[in-house]
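Welcome! Take a moment to look over the sequence and the model, and then let us walk through the surroundings of the ligands together.

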Amino acid sequence: MSAFKKTILITGGAGFIGSHVVRLFVNKYPDYKIVNLDKLTYAGNLENLKDIEQKQNYVFERGDILDSAFLQKIFEQYNFDGVIHLAAESHVDRSISNPIEFVVTNVIGTVTLLNAAKHHWNTSLDNKTEGKLFYHVSTDEVYGSLGAEGHFTEETKYDPHSPYSASKASSDHFVRAYYDTFGLPVVISNCSNNYGSHHFPEKLIPLAINNIKNNKPVPVYGKGENVRDWLYVEDHASAIDTIFHKGKVGDTYNVGGNNEWRNIDIVHLLCQIMDKKLGRENGESVKLITFVKDRAGHDLRYAIDSTKLQNDLGWKPSVKPEQGLEKTVDWYLANEEWLNHVTSGAYQKYYEQQYVIR
Ligand code: NAD
Ligand code: DAU
């Protein structure tokens, strides 16, 4: 008998969003055991979890979601009550240069993990296995692109355009197929763009902060007119907590901040904040903005309608955009070593040697 009320597997817990979810669960639920399974790719970094790594209810397992023997071993060892699945390849531009990697990790990796849960929980259509839950964390990009009007709801038809969003859409379909065919208890959420601390500096906001700091050009794709709906990462983690505990099995929930910005406008705002923080003259950093060739298949606009999550489960975002961006800039300026070590690959090399895949 475990001394813990629940044992939860979180995949991708060393990544950007995953590390915030692990931190929230470890601190908020001392009676849950949290097992973080991560392969530690370029995007996963145990520095992100330094503040909680010594906690009694936290364990790290380095491994690959594609390795079914490893998954079987840890399912038997820990007897998980729940899975929160975040491990993925997550960057759209990388999916354009290497689509196969996204199919392998995001589709085959997810199905391998679904198989492990199905096998271990011994699910069937007659027995939906009370108390167990496979929670799949997905993206609003599966819905495709909006024009000037409208929002994505849970009923919006899937219409992915990039290899990344096509791989996430496929993984969502497999999760639903395991619910319909095998009775695996699942829940899915589709979230808009996150921002905050520990975000790998290949994505727009941390890339812009890093480049402004180093007086390097800030690349803006096309005319910068594409719109993203930004959510502070801790608000996403709290939505995941809410959905994991209160979500209806078999359902989908959209998560978003109702916080739309054109890329060019958010980069301008970052320049203003950085000028102030770095003691530069107002308008100095804006000169770094450089318009570059557009991303292939670039979705014009994302905007999430999260009414269902707000009305049915009582979640709402708590961090205002300007406040969240300022906190994010402060974190990057205070954590220069983190930034240098993730961009140089030094952390990755160090942790690869510390944790050999078993
Ligand atoms: P990330 O790239 O920062 O982290 C991904 C993590 O997964 C890394 O720690 C990496 O080491 C791990 N990983 C990759 N392949 C693995 C494998 N084969 N086995 C085990 N671990 C592996 O990603 P993120 O931005 O934190 O996104 C997390 C999840 O949330 C993804 O599923 C993504 O699709 C989804 N999502 C992200 C956003 C966003 O704005 N970043 C928005 C909505 C949904
Ligand atoms: O919508 C949710 C998705 O948001 C997540 O599922 C993805 O994992 C996450 O990476 C993010 O995808 P985007 O492609 O929207 O994020 P990114 O930060 O790469 O780009 C944000 C916008 O900024 C997008 O319109 C492209 C643009 N951009 C991006 C980069 C890296 C630039 O203009 N210049 C850049 O250098």
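## Around ligand 1

In this predicted model, the shell of residues around ligand 1 divides into 12 nonpolar, 12 polar and four charged. In total, 28 residues surround ligand 1, and the closest are I17, D38, S90, Y164 and K168.

S90 places a polar side-chain atom 2.7 Å from an oxygen atom of ligand 1. The backbone takes part as well: an N or O atom from the backbone of K39 lies 3.1 Å from a nitrogen atom of ligand 1, and a backbone N or O atom of I65 also lies 3.1 Å from a nitrogen atom of this ligand. On its own, ligand 1 has 840 Å² of accessible area, and the protein covers 96% of that. Two or more residues of the shell come from each of α1 (16–28), β5 (133–139) and α5 (163–182). Which element gives the largest share of the shell around ligand 1? That is β5, with three residues.

## Around ligand 2

Now let us turn to the other ligand. Ligand 2 is surrounded by 24 residues, the closest being S90, D140, Y164, R295 and H298.

D140 has a polar side-chain atom 2.6 Å from an oxygen atom of ligand 2. In the side chain of N263, an N or O atom is 2.9 Å from an oxygen atom of the ligand, while L204 uses a backbone N or O atom, 2.8 Å from an oxygen atom of ligand 2. How much of the accessible area that ligand 2 has on its own does the protein cover? The answer is 94% of 680 Å². The elements giving two or more residues to this shell are α3 (92–97), α6 (204–213) and β8 (218–221), and β8 gives the most, with three residues.

## A nonpolar patch on the surface

Finally, have a look at the outside of the protein. I100, V103, V104 and I108 form a nonpolar patch on the surface, and together they have about 320 Å² of accessible area.

Why does I108 count as partly exposed? Its relative accessible area is 44%, and partly exposed residues are those between the limits of under 20% for buried and over 50% for exposed.

Technical notes. Residues are numbered from 1 along each chain as its sequence is written. Chains are lettered from A and ligands numbered from 1 in the order in which they are written. This is a predicted model: local features need pLDDT of at least 70, side-chain atom pairs count only at pLDDT 80 or more; totals for chains, interfaces and linings use all residues. Side-chain values use heavy atoms; hydrogens and water are left out. Patches are made of residues with over 30% relative accessible area and no salt bridge: like charges are joined within 9 Å, nonpolar side chains (Val, Leu, Ile, Met, Phe, Trp, Tyr) within 5 Å. Accessible areas come from the Shrake-Rupley method with a 1.4 Å probe; for residues, only the protein chains shown count as cover. A salt bridge is a side-chain nitrogen of Lys or Arg within 4 Å of a carboxyl oxygen of Asp or Glu. Buried means under 20% relative accessible area, exposed over 50%, partly exposed in between (1.4 Å probe, protein chains only). A residue is near a molecule or strand if one of its heavy atoms lies within 4 Å of it. A polar contact is a pair of N or O atoms within 3.5 Å; within protein, one must be able to donate a hydrogen and the other to accept it, and residues adjacent in sequence count only if both atoms are side-chain atoms. Helices (H or I, at least four residues) and strands (E, at least two) are DSSP runs, numbered from the N terminus. Ala, Val, Leu, Ile, Met, Phe, Trp, Tyr, Cys and Pro count as nonpolar, Asp, Glu, Lys and Arg as charged, and the others, Gly among them, as polar.
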